[in-house]
Amino acid sequence: MTTVPISDAKPAPRRGGFRLDPRYHPPLLVSCILLAASFTTGVVESPLKIALAIAASIVTEMGLYRFSTGKWPNVSSAYITGISIGLLDRSPFFWPYALTSVISIASKYVLRTKNRHLWNPSNFGIVAILLLAPHAVSPLSIQFGNSIGPMVVIWALGTVIIYRLKRLHICIAYAVSFVFFAVIRAVVNHHPIAAGIAPITLAHMRAVFGELKPAVAAEIAPITGPMYQLFIFFMITDPKTTVKSRSGQMLVAFLVAAVECGFRFMQNVDAPFFALAIVGPIANLVEIYWIPGTARKTVDTLVPVNGARA
Amino acid sequence: MKRRDLIRLTSAVCLGAPMALARYLDMRCADTGDSPWPAPNRPAGRPGALSRYGFAFEEVSRQAGIHFTHQAPSLDPKLNPIMPIVASMGASVSVVDFDRDGWPDMYVTNSATGSQNHLYRNMRDGTFQDFAAAMGVADLNPPGSGACMGAVWGDFNNDGYEDLLVYKWGRPMLFRNDGGKRFVDITANSGLPEHLNCNTALWLDFDGDGHLDLLLGSYYPQEIDLWHLKDTRMMPNSFEYATNGTRKYLLRGRGDGTFEDVTEKMGLTSKRWVLAAAAADLRGTGYPDIVIADDYGVPEFWANDHGRGFHEIGSQVGIAARPKSGMNVCFGDIFNQGALSIYTSNISERGVLIQGNDLWTPQPGTSGDNIRYQDIAETAGVGIGGWSFGAQFGDLNNDGFQDLFLTNGYISASPDQNYWYDYSKVAGGNSSIIADADNWPPIGGRSLSGQQMKHAWINGGSGQFVDVAPEVGVTQTFDGRSVAVADFWNRGVLDVAMACQCGPLLLYKNHVTPDNHWIKFDLRARRSNRSAFGAMVKLFWDGQQQIQPLCGGSGFSAQNDRRLHFGLGKATKIEKVEVRWPSGETREYPSLKIDQTNVLEE
């Protein structure tokens, strides 16, 4: 998920007192979510599986980075990738957690052009494992007890931290777009009877809204679940795999929601992951090849930018 | 090769190799038959299955005179858009020898208003005849009375004849068996609750007083009348941690057909969405513990405090690790080590929701109050079973190891249209959305985990099971709910009866290789409850031991033959049988003959 390049989030200058390097905010937030999930609702299904995902992610990162550069990497982004996979993968088996992590990290080193990897690593890994192992893996869709409390906590924490990283506009753009498309899906899929039988009056509007209310609730339901909290705050905001301009980022978020809407019309339960896996790299390629001056500069063109190193 | 190329190659291998490995491992998990690799040497027909696996099934319900089709209830019209989901249970089968003629009979519930339950009497010639109407236990779904969900048999008055409890969405009904000649409805003064949305019931003697007690577990909240809803907020408020479930009933039997509600007194206070339960002495205390499979939550393990109460230790023993959609509880000694494993069933749907079923096996070195379970379902090969419902252990090929039969399939409608997308959309939403049936998109004619292949897993004895269902003739894909095993033809083999929602009652006649031997025990209690529910029978033979509990209900809405069946493989004699009776007495029975049913008296 989110990897923090130094070009996007430089360590804050010390002005006295303790200030945590912004690069560690996302790992901290993900860790908080993990701990909150574990201790409040006891919903972390298997700490061992999450530990395995984290370990596989870090080991792969260390191995490939060391092999490529002869140096040791900062593993904070691999740590987040591991936690994210541990939370977003759902499987009774252990092996998908390890393999998704390895695939995710390895993708950074292989699927790249002009010094940038194209896919968000965990997004690529999860999409790959969902396509390759549908009998053994499903995406997280249900967790945190379907209750409002954890959602509020995640949104509050996420908002603060992502705001400090100056990427909250991406989250808002996506959430608003999702709701917009949810209403469209509700109207298109559910054809309110009242819409076609009465002139447009207040009573008529109420009737239409009354008929549509359950359908809208059903279409909006996914974004009230935990998968979307993680998706919104960490996957689509990944500085390494999003375009640079603020307006471009918001446009990409909108397009992700739009493509996701298309997948949802096709009744695909993995819609957000697939949408980001399609829109994300296309947006990056457009930026890299058609918008000058956006390719990031690194010392070694084979190695992903790594927060603590480059 | 330049270093740069070497780095590229290594990275590519690190990406490609795990992807190929993931694909390979996934195909090993596939239970839908869409593997790109050919099935290894699948035997053709019954002779092939017999020679390779030692048994083969033949579905004979029609030939046996069984013409039963379950009908689902129609609830409040407000639920019409998702009626197949809400009214998705009620098909059940329970085995009993109600007339004590030595041949197992079957009772099957129906659920639509006006539909009839059937009591299939074994005519000893391979056929069954419905005696339900003649015996007074057919017309149990009259208008306004609710819908039958299942039945369990137990001799509450210790007269030697098994009595009948029918549990419903409505008031449960109790029938006294008068000498196998007729059934008398004694519900009115029994002390059974006035209204429940009950989906599981057990006969057990939790305090060892010699009188059978009852456990009733409900699904929808007790206060809801499913035919007259006040509003549509009657669904679970969470898919994994629902908190709007309902209470259980633990009813202490007085031996005369009346019961006292001791639920609070005995500490059974949780409120959950219960779908299945079974009881057996899992900790060696001499008293039955209760394992409950809950939908929308973790399973419960109620430890019996020597008949003085229960306390819940699911987390402590390890089975309450993950919230799933529990729909089955059954026990089996899968390693022949004298310890019972617990099998609970859940949901696995390709690419959508992979909960996996659980096979909880005692960790080595743990027992008694310190017992701990570990889930070995995935390594054992019994984890992925579709939308699983009822399951039962039983030695299907008499090789001396307990096999596992699982039925599954939720809603089979149009095979080309799937409701899973809408289901997952709502199930993952906030509690205010999921709890209101009005927010659930209409299912229409779509399927939801329908047309699923059943599973007949044979146990190799080393903790590895292999699914041979299609090879041994289990090819029907109705929406299975309830499975019961019994030797219906008294041939020394375990046959399988399977009740299907909105479908037929299937009867799989088992053909087993004659090379393997067997022994069966018919327990006749005297001091204990006459049904001997709670007895633990341990058989020693050929350097092995296997324990089986006698349960007053297990699986999902099911009850097996009361006679306990043990396969012996090639062994031609046994060493001894040890029975721990519910009264606490332990007795050994040496020198029993094999290949026959032995009556064991307390």
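Of the 269 residues in the largest nonpolar core, seven names stand out for touching the most other members: Ile129(A), Tyr174(A), Val256(A), Ala277(B), Ala278(B), Ala497(B) and Val537(B). The biggest contribution to this core comes from α4(A), which gives nine residues. Please keep in mind as you read that this is a predicted model. As general background, nonpolar side chains in soluble globular proteins tend to be buried together.

Let us stay with Ile129(A) for a moment. Once its neighbours within four places in sequence are left aside, Ile129(A) is in contact with Asp89(A), Pro96(A), Leu99(A), Thr100(A), Ile103(A) and Val137(A), and also with Ala22(B).

Helix α4 of chain A covers residues 95-110. Of its 16 residues, 15 are buried, so the helix is mostly covered. Its length can be checked too: at 1.5 Å a residue, the 16 residues should span 22 Å, and because the end C-alpha atoms are 22 Å apart, the two values agree.

Now to the place where the chains meet. Chain B brings 49 residues to the contact and chain A brings 48 residues. On the chain B side, α1 (3-29), β21 (353-354), α7 (420-427) and α8 (431-434) each supply at least two residues. The most comes from α1(B), with 15 residues. Sorted by class, the side of chain B that touches chain A has 25 nonpolar, 13 polar and 11 charged residues.

| Partner strand | Residues | Bridges to β4(B) | Direction |
|---|---|---|---|
| β3(B) | 105-109 | three | antiparallel |
| β5(B) | 128-130 | three | antiparallel |

Within these pairings, His118(B) in β4(B) is the bridge partner of Val108(B), while Tyr120(B) stands opposite Asp130(B) in β5(B). What do β4(B) and β5(B) form, and how many residues lie between them? They form a hairpin with five residues between the two strands. In the turn, Arg124(B) has a positive phi of about 70 degrees.

Definitions and conventions
Residues numbered from 1 in each chain as written. Chains lettered and ligands numbered in written order. Predicted model: local features only at pLDDT ≥ 70, side-chain atom pairs only at ≥ 80, totals over all residues. Pairing = 2+ DSSP bridges. Helix = DSSP H or I, 4+ residues; strand = E, 2+ residues; numbered from the N terminus. Expected span 1.5 Å × (residues − 1). Buried ≥ 20, exposed ≤ 12 C-beta atoms within 10 Å, placed from the backbone. Contact = placed C-beta atoms within 7 Å. Nonpolar A, V, L, I, M, F, W, Y, C, P; charged D, E, K, R; others polar. Core = buried A, V, L, I, M, F, W, Y, C linked by C-beta atoms within 7 Å.
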